[in-house]
Amino acid sequence: MVDENTQIMAARPLPVGHQLLWYEIEEILGQGGFGITYLAMDTNLNRKVAIKEYLPTIFAYRNQDFTVSPLTGDHDQNYNWGLSSFLNEARTLAQFRHRNVVQVHTVFENHNTAYMVMEYELGDSLSRLIPKQRDQLDQVFFENLLFPVLDGLQDIHNAGFIHRDIKPANIYLRSDGSPVLIDFGSARQTSQQDTGEMTTLISQGYTPLEQYSSNFGDQGPWTDIYSFAASVYHGITGKRPVDALNRSAGLLAGKEDSLVPLSTMGLSNYSPVFLSALDRAMMLKPDERPQTLTQWRSLFAGEQIAGSPIAEQTLVQPSSFAASESLNDTREFVGIDRDLTSPGDSRNTVSKPAATKKKSAALPLAGAAVLLVALGAGGWWYTQNPAGNVQTGAQLTQERVAKLPRPGTALSVVGPTERLEAELSDLKSMNTIYQQALAIDKDSQPALDGIAYLVSQYARLAESPIVMADEASRARLSNELSGLVNIDPQAARLVEQLQATPTVKFASLSTLLNKENLTGKEQQKLLAGLVALQGSEKQAAQKDDRVIALSNRFRESIVKNLEAGNFDQAARMIEVAQLINPDDSSLDILKRHLEGRG
């Protein structure tokens, strides 16, 4: 329980003089939503160091004894996933030795959180130098800053990481004038597309569009390239660049890009090639930027790379939710006492915005059935374990699970509700862009088409058993749609639909539960129906021998996948099994095992 005292302490930094192992806190250097950076004295080696503390205040708080805890039990997963990621990234970054990238000395756990110990650099940040010395900053200055840091950043990219928060405040100029890139607290592996709360890593003006929402494309080296170019843009012009969201909103309304290209400013003390390379790096569409640092360097050398020229800047549209359209129609849920044929069909008639080349990393929820599809062939076991021949195996205990293989890197088992939250957040970002465009031009056809497409996606989510079974999700979806009722008439119908209480009868699932062999579509129907049950109907299902047997088969199949080293498969199956019986404590044991907490 978080009481008033702990809430007051929530974001409080460690006090000056506090001892962390042999490090003594001397000063607070900076604080953000995911952590605090301190200046400390290494009393062993008698040198100053910078220490980054993992403290995500959006889902954690500091206790009075200085330990850190998740806000509630519901935040355990996010907190532990972030902690594991923080530790893994620090250990990886500590392997690099490059003069122009901050050196990570070590990482350790204390106070139920983690601390990254880094080299403390004497000097000043680019953000402080710009207002004080902008008239003295020229092309030679920026070349001496840019290219050495690119050398160091190349090592990071080669290892599969991106910085994700390059901005003038994180580009440091030592007292000898040499540059160094600092603060890798937001770094992520490029193969790891984030969802949920951990995606909120925004520095307005420097953050590219794909960091606002995965619907605009994956993150990768091109993400850092945009941010670095935006930082240099600020240094050259003295002004922070126009935010990517605002740029996209204006383009949606048929206006010109509100970011003025450097190459059109008549900057006679900069070469056209240098300015054009920066302009190309700040294209809105991720695939129109240089894709690697090597490509970007070639532009500074006057070479050409494939892609659209700067003059052909095009509007970035959200990528389509194509994955959901390949699924069986989830409107055929068994036992749902209302007509689902409208407005769900709208998704087949709305003109969709153009998709980017890179597919979205988000997993749309076209009902719980999408999770079954994710399990792949053989992921369900009904045909192998027909009713009446259930093999439940040995009792699942903590001791038994402890003997099972464990992945080398802890996995994050994200439940369907969290996936739904992630998709709603993505849609909200898109909603903001279209609303901004309509504020500029209320008749903007691209924006109106975008809103229609958004409503069709909200309609799809409204049919999800997750939404039907969860009042809070229905309320959030209804709230998102309320701002669209005056723009799209279908939004008003959806709000009315969400405010009605859906009814799913457990008795209607008996035929499927009694059947010995189910087709893939029947499996989807059964799972969707079980997920959508509420109240007494849900309680009746969880006491039913057939549903218990179903849960047992899932549990044993998860164990077999762990024994075979199929860790990703096991993680996905845990997500599905928790849909059937969220109170099954054995699933929590398996989940903690995969996440490295068992």
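Analyst: The account below begins with the aromatic pairs and then turns to a helix and the nonpolar cores. The model is predicted, so that local features need pLDDT of at least 70 and side-chain atom pairs count only at pLDDT 80 or more, while totals for chains, interfaces and linings use all residues. Residues are numbered from 1 along each chain as its sequence is written, and side-chain values use heavy atoms, with hydrogens and water left out.

The structure holds 11 aromatic pairs. Rings of Phe, Tyr and Trp (its six-membered ring) count as a pair if their centres lie within 6.5 Å; planes under 30 degrees apart are called stacked, over 60 edge-to-face, and the rest tilted. Tyr54 and Phe86 make a tilted pair, with 5.7 Å from centre to centre and 40° between the planes. Because Tyr54 belongs to strand S4 (residues 47–54) and Phe86 to helix H2 (residues 76–93), this pair ties together parts that are 32 residues apart in sequence. Helices (H or I, at least four residues) and strands (E, at least two) are DSSP runs, numbered from the N terminus. Both Tyr54 and Phe86 are buried, that is, under 20% relative accessible area, where exposed means over 50% and partly exposed lies in between (1.4 Å probe, protein chains only). Phe108 and Tyr115 form a stacked pair, because their ring centres are 5.4 Å apart and their planes stand at 20°; these two residues are also buried.

One aromatic cluster is made up of Phe147, Phe228, Tyr270, Phe274, Trp296 and Phe300. Phe274 is among the buried residues of helix H7, as are Leu275 and Leu278. Of the 10 residues of H7 (residues 272–281), 7 are buried, and the helix is mostly covered. Its buried residues pack against helix H4 (139–158), helix H5 (221–237) and helix H8 (293–300).

A nonpolar core is a set of buried Ala, Val, Leu, Ile, Met, Phe, Trp, Tyr and Cys residues joined through side-chain atoms within 4.5 Å. The largest one has 110 residues, and those with the most contacts inside it are Phe228, Ile236, Leu278, Trp296, Tyr458, Leu477 and Leu481. Helix H13 (residues 445–462) supplies the largest share of this core, 9 residues. Beyond its neighbours within four places in sequence, Leu481 is in contact (heavy atoms within 4.5 Å) with Tyr458, Ala491, Leu494, Val495 and Leu498. Another core, of 35 residues, lies apart from the largest one and includes Leu512, Leu550, Phe567 and Ala571.
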